[in-house]
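Subject: Handing over the two-chain model

Dear colleague,

Please find the structure below, followed by my notes on what was found in it. I would be glad if you read the notes with the coordinates open beside them.

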Amino acid sequence: MGNRIGIDVGGTFTDFVYYDDETGAVSVTKVPTTPLEPEKGCLRAIDAALRPEEVNGTRWFLHGTTVGLNALLERRGATVGLLVTEGFRDILEIRRGDRAEMYNLFWTPPPALVPRRRRQTVRERIRADGAVHRPMELSDIRAAATFFREEGVSAIAVAFLNAYANPDHELAAERELRAAGFAGQITLSHRVSGEYREYERTTTTVIDAYVKERMSNYLLRLQRELGRRGFDGIPLIVRSGGGAMSFEEARERSFETIISGPVAGAEGAGALSRACGLGDLVTADVGGTSFDTCLILNGRPQLMYEGEIIGLPVQTPWVDVRSIGAGGGSIAYVDAGGLLRVGPRSAGADPGPACYARGGVEPTLTDAAYVLGMLGSGTFESGLTLNADLATAALGTVAGTLHIDVDETARGIMSIAAAAMANAMREITIEQGIDPRGLKLLAFGGAGPLMGCLLADELDMPEICVPPYAGNFSAWGLLAADVTQTKARTRIMRLDESAISDVNDLLRDMFADLAAEHQSQAREAVLDVRLQGQDHSLNIDVPLEDGRLTVDSAGLARLFADSYETMYGWRPDEPAEIVSVRATVRTSLPRRQLPPVSGRSAGRSPPPKMSAYSFRAKTVRDFSVVRREDLPAGASLRGPAIITEATTTTYVDVGWQIEMNPSGCMMLKNEGGRQ
Amino acid sequence: MTRCTENLHVYGAAPSRGARAGAVDPITTEIIRHSLNSAANQMKRALIRTAYSPTIYDVFDFAAAIYDSEFRLLAQAPSLPLFMGTLNFCIQAALEGVGGVGNVSSGDILLYNNPFGTGSHPQDAALVMPVFFDDATIIGYTAIKAHWLDIGAKEPYCTDTVDMYQEGTIFPGVKLFNAGELVRDIYGIALANSRVPKAAAGDIMAQAIGVRAGAEALLRVVRRYGVPLFERSVEQMFDHAEASIRGYLERIPDGRYVARGQMDNNGVDAEIVPFDLVVEVDGSDVTVDFSGCPPTQNGPINCPLPSTVSASRIAIAMLAGSNESPCEGHFRPLRVITRPDSMFHPRSPAPSFLYGWPAMQAIDIIYRAVSDAMPQAVPASSGGDVCGLVWWGIREKTGEPWATGSPHPVGQGASSHGDGGTLTHISEAATRFAPTEVWESKTPWLLERVQLAKDSCGAGKYRGGLGIDFHFFLLEDSFVTTAVERTKLPPWGLLGGHDGRPNAVRYRRADGTASEIFGKITGLKLRKGDVLELLTGGGGGYGPPAEREAAAVVEDVRNGYISEEYARRHYPHAFADGTPE
């Protein structure tokens with residue numbers, strides 16, 4: 001039995017999905033997020049949706065959370081002490097010297113996560129090649145331990161220069177701290193990341209120490225409460241770099257959970273692409289405050305090996321999800337120079353868009369869409385009913401300033417938001433040398449299916465997929481997560497046969513380490529390769545057999561040149577070098593059936609119509625209004641249409657043909673025309 | 001728009017076309033503005049991902065921008081501000097070099113690096129691509145000016161040149177790509193004149209990839225909206241930017257504000273070179289007048305006109321531009337007056353290798369002048385320089401030549417918003433200095449220290465940011481050029497705030513002997529075991545130290561930013577009971 005619960009905690013809503021492996025049945029629900037104690041929202045959703053025997057019969061609990069991220073955002077982490085090499089006390093504060101807002105004369109970096117007095121230096125030095133330049137003075141560690149105790153430090157980060165090349169001093173420091181009686185969390189930089197760049201690695205180490213206690217306590221509370229409800233399966237949490245890990249591992253490696261939430265949607269998109277043969281995709285996940293987009297190639301989200309959050313680098317695998325501040329709650333306004341702007345400020349869930357009638361008076365994207373008829377009647381299954389007068393009044397304030405009418409203002413808001421989202425999608429695809437016209441658009445999140453047709457038209461994309469449970473798709477995506485773990489080592493070597501043999505040695509060691517922690521099914525390896533002298537490397541997936549490379553140096557050089565040509569349009573013939581070796585083990589959960597399409601036959605009576613604005617026809621048209629569940633598998637329908645479902649609404653413009661795929665996906669095909 | 005009166009030269013952007021531009025809606029304009037900024041970002045991404053030199057991919061020593069057919073700035077990617085206002089000059093000069101706009105065709109990419117057209121030293125080479133709409137008409141240009149590690153100056157980096165011919169090989173506007181095909185002859189000449197040809201080759205190709213990416217992105221925008229609507233929207237975008245910046249400038253009291261700056265020396269002679277600048281504010285019009293500056297200098301601290309204009313544009317755009325990415329409209333309220341054959345308007349073949357250093361000083365001095373009018377509008381002085389070091393040598397084991405360089409952060413001035421931080425000079429706001437671990441993996445040094453320097457800040461109600469002490473321990477013999485200014489004029493405070501420590505460089509030989517403090521030196525040979533120390537300046541303070549909260553003083557002492565002795569001297573009020581806390 002592989003019954004699963006997926007819970008994705010977002011900023012506004014906690015999304016719940018339950019999958020019954022025997023029947024393939026799926027149930028979904030949304031409850032408000034409980035920011036102070038996020039586990040309460042999770043448990044509320046479970047209590048509302050499942051019977052005790054269902055909880056007891058659940059094998060996997062899969063989770064996406066923003067607990068770690070919120071600890072950083074709200075600066076409510078542990079009291080951290082940091083040990084660094086003498087002479088390098090200020091790595092966190094000096095950073096790289098750049099300005100996040102480069103045109104802002106007054107920009108100053110936010111205070112470092114560890115104040116200077118709790119950054120203690122140690123006499124020791126390792127060289128870039130790993131040789132000991134100066135042995136470590138253990139007395140410095142003991143003195144720091146005493147000081148940290150006086151300061152009430154509960155977690156210690158240790159990040160010595162060049163520790164990626166030789167971890168001996170960090171390991172000795174840990175032993176000495178324990179010998180001195182420190183019983184709290186210790187994070188060593190070489191365990192967090194085997195890569196060079198001291199600011200990035202030190203920051204990642206500190207982030208881990210900073211969020212670990214909170215994350216750990218949260219996961220323990222959640223696990224205990226799940227246990228009380230009879231859950232005796234395996235709880236897993238999504239990593240920032242994709243895949244999932246056990247709660248136990250997440251308590252050890254908390255820094256890997258920072259963007260767990262947005263990654264769930266990207267993982268789901270990858271799984272859907274693989275399961276339904278959708279091919280390459282670009283995602284449009286539109287929530288209340290943000291728009292997230294991700295490129296899915298060959299059924300996998302694109303991975304980076306460094307992320308960034310609240311301006312801090314995180315040196316760990318990171319699914320390349322780009323966010324901009326544009327969502328259903330984004331507020332429209334007129335700037336000082338007289339141009340209409342949308343976002344990044346959001347009305348959020350409280351007060352929410354003006355049409356929610358909860359006290360919001362500023363016009364939002366949702367108000368604009370509603371006034372244009374794009375949200376249908378405005379009565380939702382959740383019980384929410386939108387108020388047209390309030391939406392019109394809010395839009396009127398902006399329209400008055402611009403001397404245009406409310407409808408034109410509403411159309412402008414939609415167009416500006418769509419253009420901003422399309423730019424982000426264009427950048428994420430074109431940067432990889434991929435033409436978006438050859439991709440399908442996967443639209444999900446509460447407002448994604450509303451924006452799908454506008455985005456596809458901006459980018460000349462021929463096909464849109466609105467997945468099953470589109471409004472809760474991130475939670476649904478969790479159910480498909482693989483259990484993964486990755487290790488990486490920086491080792492710069494010229495790409496030749498001896499390097500191939502060195503890589504095989506490294507892989508053997510790393511897979512052995514990983515095997516000690518995981519029962520692995522599949523082993524994968526990625527090599528960072530670059531032209532000699534270049535810095536930016538490309539991540540090359542290399543074929544393995546029994547954990548060893550099956551390509552020789554010439555074959556690897558070819559793979560690198562192919563990848564380079566795709567990315568940059570020309571084929572290098574200079575010598576290349578290997579920079580880092582990354583080993584991953586992946587264990588797939590048992591394969592899941594796709595959800596059946598409920599497919600109650602719609603009958604023959606023509607669907608009701610209502611007027612809505614067509615962005616293609618540039619005029620108001622009659623749109624069919626249809627409930628998604630009334631469209632059986634194989635059904636097709638010609639736009640314009642508004643398709644409603646429990647947690648989202650799909651806007652289908654003129655010239656788009658709806659086809660209900662047996663997989664449960666609603667496909668929109670561009671038949672062109674602006675009739 | 002240029003004109004000369006009474007031997008003075010006046011430069012300003014062309015004014016708005018007003019109603020002649022035709023009506024357009026504020027929505028399309030906003031969409032096009034976004035798309036153009038996104039296009040410039042795509043250029044930047046393409047460049048940094050393909051570049052060879054850390055100066056480009058890690059330090060971001062380049063600018064990438066898109067111009068319209070009349071050389072007006074449409075969008076610039078967040079990159080080196082000092083290059084910001086110069087690329088229109090580069091494009092026009094590059095076109096002149098190939099015989100005018102009639103001599104270019106689709107797929108051409110021009111190479112141009114004459115200092116008097118780029119505003120920079122020859123290492124800052126511009127690639128310019130005319131963007132053809134339907135292969136017939138030019139609808140704009142994409143340009144990237146990037147710092148090449150070496151293009152054949154007398155040394156890889158110089159502070160003592162006496163004419164342009166010592167500063168590098170000049171490409172006076174030539175076709176590097178002809179109708180899409182690489183011109184092997186030109187390419188070969190460029191590589192043959194570089195001490196690091198591999199890096200030069202990689203960086204040239206990366207720049208070409210970047211301008212092409214920008215051209216494609218610009219064409220996508222124009223095709224989507226059609227030429228007429230695109231052009232009308234661009235006019236409105238410029239007008240919008242102009243209105244927004246004028247709204248700010250209106251708030252500065254009208255008047256004529258004079259401030260004095262200085263260069264430590266001109267790189268060849270020993271004397272201090274003082275200069276006066278005038279900032280005149282009249283309603284929302286601003287004039288920066290360099291005509292009172294000294295004549296063209298014997299050494300390389302002359303700043304060619306494009307960089308003089310750019311420095312003024314940066315100063316005004318950052319002051320009044322609401323943190324927005326700049327476009328042509330931001331430049332319209334500004335006029336720049338210069339005197340030909342002066343330090344800020346030299347003529348060929350005057351030496352100008354260190355053009356950026358007087359340009360940086362110009363920015364600081366413009367703000368010093370503005371502080372007379374509106375002290376809350378600007379920060380106190382920072383360390384005032386990028387504190388550049390350029391290193392080279394031959395690796396002992398492999399015999400391979402190597403070269404690298406980086407700017408270094410300085411303490412920033414405090415302001416009405418609070419204490420200063422430690423960042424790279426505002427003229428290179430997007431550049432980053434290289435990580436120690438990356439440096440040590442590639443170069444024969446060991447960094448003994450990269451740490452904030454206690455007590456280096458200027459005291460005040462808000463204190464300046466701290467400077468940094470860098471100690472480079474040499475593992476092999478190497479050469480270094482230090483291009484460090486402001487070792488004599490300390491970072492000034494504002495409204496009673498104190499000065500910070502000035503920049504300094506010195507070295508210690510392995511035998512224990514130490515040098516005097518200096519700023520600029522070319523090709524200093526350091527031997528294995530020597531230590532070079534770069535001590536970057538601290539920021540000036542803002543407001544009287546007596547107004548600093550006692551708790552903030554105590555916190556600074558506890559964190560080791562300042563010593564107790566320094567605290568007692570500058571903030572006695574925090575010790576009212578004899579001891580802090």
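Chain B and chain A bury about 6,900 Å² between them, with 56% of that on carbon and sulfur atoms; buried area here is the accessible area, taken with a 1.4 Å probe, that two parts lose on being put together, summed over both. Within the share that chain B buries against chain A, Arg49(B), Tyr52(B) and Glu437(B) supply 12%, which is more than any other three residues.

Before going further, please note that this is a predicted model, in which local features need pLDDT of at least 70 and side-chain atom pairs count only at pLDDT 80 or more, while totals for chains, interfaces and linings use all residues. Residues are numbered from 1 along each chain as its sequence is written, chains are lettered from A and ligands numbered from 1 in the order in which they are written, and side-chain values use heavy atoms, with hydrogens and water left out.

The interface

The contact (heavy atoms within 4.5 Å) takes 83 residues from chain B and 74 residues from chain A. Between the two chains there are 27 residue pairs in polar contact, both residues being at pLDDT 80 or more; a polar contact is a pair of N or O atoms within 3.5 Å, where within protein one must be able to donate a hydrogen and the other to accept it, and residues adjacent in sequence count only if both atoms are side-chain atoms. On the side of chain B that touches chain A, helix H1 (26-50) is among the elements that supply at least two residues each, as are helix H6 (197-225) and strand E18 (445-452); helices (H or I, at least four residues) and strands (E, at least two) are DSSP runs, numbered from the N terminus. H1(B) gives the most to this side, with 15 residues. The residues of this side of chain B divide into 38 nonpolar, 26 polar and 19 charged, where Ala, Val, Leu, Ile, Met, Phe, Trp, Tyr, Cys and Pro count as nonpolar, Asp, Glu, Lys and Arg as charged, and the others, Gly among them, as polar.

Salt bridges

One that joins the two chains is between Arg341(A) and Glu324(B), whose closest N and O atoms are 3.2 Å apart.

Within chain B, Arg486(B) forms a salt bridge with Asp364(B), the closest N and O atoms being 3.3 Å apart. This pair links distant parts of the chain, with Arg486(B) in the loop between E20 and E21 and Asp364(B) in helix H10, 122 residues apart. Arg486(B) counts as buried at 0% relative accessibility, and Asp364(B) counts as buried at 7%; buried means under 20% relative accessible area, exposed over 50%, and partly exposed in between (1.4 Å probe, protein chains only). Arg486(B) also has a phi near 60°, a positive value in a residue other than glycine.

Lys528(B) forms a salt bridge with Glu396(B), the closest N and O atoms being 3.2 Å apart. Lys528(B) lies in the loop between strands E22 and E23 of chain B and Glu396(B) in the loop between strands E14 and E15, so the pair ties together parts that are 132 residues apart in sequence. Lys528(B) is partly exposed at 46% relative accessibility, and Glu396(B) is partly exposed at 47%. In chain A, Asp98(A) and Arg95(A) form a salt bridge with closest N and O atoms 3.5 Å apart, and both residues are buried.

Local points to check

Asp150(B) is found in the loop between strands E7 and E8 of chain B and, at 2% relative accessibility, counts as buried. A polar atom of the Asp150(B) side chain lies 2.8 Å from the backbone nitrogen of Arg195(B).

Two cis peptide bonds deserve a look: one joins Gly639(A) and Pro640(A), with omega about 10°, and another runs from Ser348(B) to Pro349(B), with omega near 5°.

Best regards

How values were computed:
A salt bridge is a side-chain nitrogen of Lys or Arg within 4 Å of a carboxyl oxygen of Asp or Glu.
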